Amino acid sequence: MINTLSRMIRTGILTEEVPQVSKADVPTGEVQQAIRRILGRALCIRHVDAGSCNGCELEIQALNNPYYNIEGIGIKFVASPRHADLLLVTGPVSVNMEEALKRTFDAVPDPKLVVAVGDCGACGGIFGKSYASRGAIADVIPVDHYVNGCPPTPAAIVQAILQTIQSTNV
Amino acid sequence: MTPEFKEGTNALPSNLQCRHKRTGALEWHQVAKAVRSAGGRLLTLWGTDDRDRDGHFRVFAAYLQADGVAVVEHAMEGGSKPTYPSVAEFFPSALRMERAIFDLTGVRSMETDHRGWLRHGGWPEDVFPLRRGFNGSNQFPVLSEPYPFIQVEGDGVHEIPVGPVHAGTIEPGHFRFSVVGEKVLRLEERLGYKHKGIEKRFEALLQKDGHKLAARISGDSAVAYSWAYCAALEAITHTTCPARAIQLRGLALEHERIANHLGDLGALGNDAGFAFGLTQFSRMKEDLLRTNQACFGARYLMDFVAPGGVACDLSDDAPRSFLDRYRALETDVVGMRNTYDNHAGVQDRFRETGILTQEMAWKLDATGLAARGSGIPHDLRIDCPWPPYSEIRVKGSTQSSGDVAARVAVRFDELLESLCVCRELVANLAGGDIRSCVPDAEPDVLGLGLIEAWRGPVLIALESGPSGAIRRCHPHDPSWQNWPLLEYAVMGNLVPDFPLINKSFNLSYSGQDT
């Protein structure tokens, strides 16, 4: 226990400022307030892997590390699409996952947002369209926002999530 | 090595010692038996349609033996229903590979399980994507087909279906549990959800571009796959890489191993109810990824390994940054190992959970990290080292208890050993070029690339086509062998321990589904 506590103290708080969303830097507190204003509570995200190489998943997992600490700004990952406001989808959409992706999308209550993560999610990437791949996520379910990169950095993913929320606030 | 195997063999281009033998149906079966009884292992199976060339279908098996790799080839007349003898009675992991070969090429083994493995109704049953003349960009409507799981009967037995979409940031696959109360009687996996037609896609790429697709077979093993691809290509084109490039590849592969082990150790702590572990290890992993960004120019080295060498050189201050990072990591990892080892709650969850005995691991063809957790010390870096590992002495790690704790201990050992390997590579880093020129390969040459990735051996079999084209490329992930182990390891355990046991194997869905 002593070990654990002393390591916590030595590690300290590593959480960084939220990456720049628009032209001006948005302090963490304001992002949190914006989410509260728009949603009235935390933003709940359900991640769906529709056929990715698992590279994007590694960077999505990194959002929960102490540097990005996404829960600290009021964004959390949930286990069920029925609890989600936003789907974070990685692709390309494999033919074998097409039905599962559509059903997951249908299970999310309205209003819902979809962010397509990674080059493959945006356009099918190197896998393209084939007998086994439907390519871009937008060809299977409606997409609100894209994050490019292979894989995109955690900062880019947070940025896209925040932009998506802001664009609903018109 | 059995006498019948030695006859009629010749060498195959590869980064390891590799022989090649053509057999008839009977001998195909006999060789499998002989390899098994001599203590060899099945690396992979794949099928090809060569009817355009000589009117035959072919199946290939790659075995790993004490003295290197042996590739066995069996040709079949291109009739309407080509078949070959199954090798699953000697190597049970072959069963799923044989089902996949049928789904893609229409060549059937004589096994009786005819359920689709990669084909879930996404293309018609009389369409075989890897046959010559099939247009890979054809799309078909999905006609979902029933998939009969094996039923467990008895008082109070019920089923829990899980997936394909899982409750976390992980890949999709389906698990069917048959349970009584909280106890798992049986688990049956159904995979293939991420099948993206990678093998067909390779055939539309040029040899000089294939490494980019190889890196995306399983993103967490990008370096290993792209290296395996390049090793195969360099072997068939007789290319020698500059010394510096070889060392940088080794460094990248060890960074990949360290990053994945850090991620797993954190996730395992978290699954055992110790979130502090996840926080600490995910911090260490992020630190390493940022060092990668500063020194290699990317957090994940998706396009670092390229034909003939590596795509970019290190930044000037990289050696110092690396050594600083290794020192900090070593202190932190040793400290956290102490914390895990002395935490009663964590140890209670880790120990005697998800046991895979050595006997079972051997019978089921366990490979890589999972095998080492069950007392099978295989590691290509040690058993048949290729450059740069032929210059370095890697110390292997094996645990005998076969439980989650064993797989955790192997990860700790390997992580610390990888730091030593990295230090040695950095200390002896050669100067000079980082990339050689790779010519187009002669057409119709088969080569093999085999790399010990963090999960186990990753293989690429590459056959050249005319003017720089790829005729056939078959990637193989160690998860093919290790997924069936999980079915055994969870038997008799509690349902809530499944995530922990699953994480202790951390197998690839994408790499298996390709």
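At what angle do the axes of helix H8 (residues 243-271) and helix H15 (residues 404-427) of chain B cross?

## Basis of the report

This is a predicted model, in which local features need pLDDT of at least 70 and side-chain atom pairs count only at pLDDT 80 or more, while totals for chains, interfaces and linings use all residues. Residues are numbered from 1 along each chain as its sequence is written, chains are lettered from A and ligands numbered from 1 in the order in which they are written.

## Two helices of chain B

The axes of H8(B) and H15(B) cross at roughly 150° and come within 9 Å. The two helices are therefore roughly antiparallel (an angle over 145 degrees). H8(B) passes H15(B) in a left-handed crossing, meaning that the near helix is turned anticlockwise from the far one by less than a right angle.

Residues of H8(B) that meet H15(B) include Gln247(B), Leu251(B), Arg257(B) and Leu268(B); on H15(B), the residues in contact (C-beta atoms, placed from the backbone, within 7 Å) include Val408(B), Arg411(B) and Leu425(B). The residues of this contact comprise eleven nonpolar, four polar and five charged.

## Chain A

Chain A has six helices and five strands, where helices are DSSP runs (H or I) of at least four residues and strands (E) of at least two. Along the sequence, their order is α-α-β-α-β-β-α-β-α-β-α.

The C-alpha atoms of chain A fill a box of roughly 55 × 40 × 30 Å along the principal axes. Of the 170 residues of chain A, 51% count as buried, that is, with 20 or more other C-beta atoms within 10 Å of their own.

Technical notes:
Axes are lines fitted to C-alpha atoms, for helices over the stretch in contact, and angles run from 0 to 180 degrees between N-to-C directions. Angles under 35 degrees count as roughly parallel, over 145 as roughly antiparallel, 65 to 115 as roughly perpendicular and the rest as oblique. Two residues are in contact if their C-beta atoms, placed from the backbone, lie within 7 Å. Ala, Val, Leu, Ile, Met, Phe, Trp, Tyr, Cys and Pro count as nonpolar, Asp, Glu, Lys and Arg as charged, and the others, Gly among them, as polar. A residue is buried if 20 or more other C-beta atoms lie within 10 Å of its own, exposed if 12 or fewer, and partly exposed in between; C-beta atoms are placed from the backbone.
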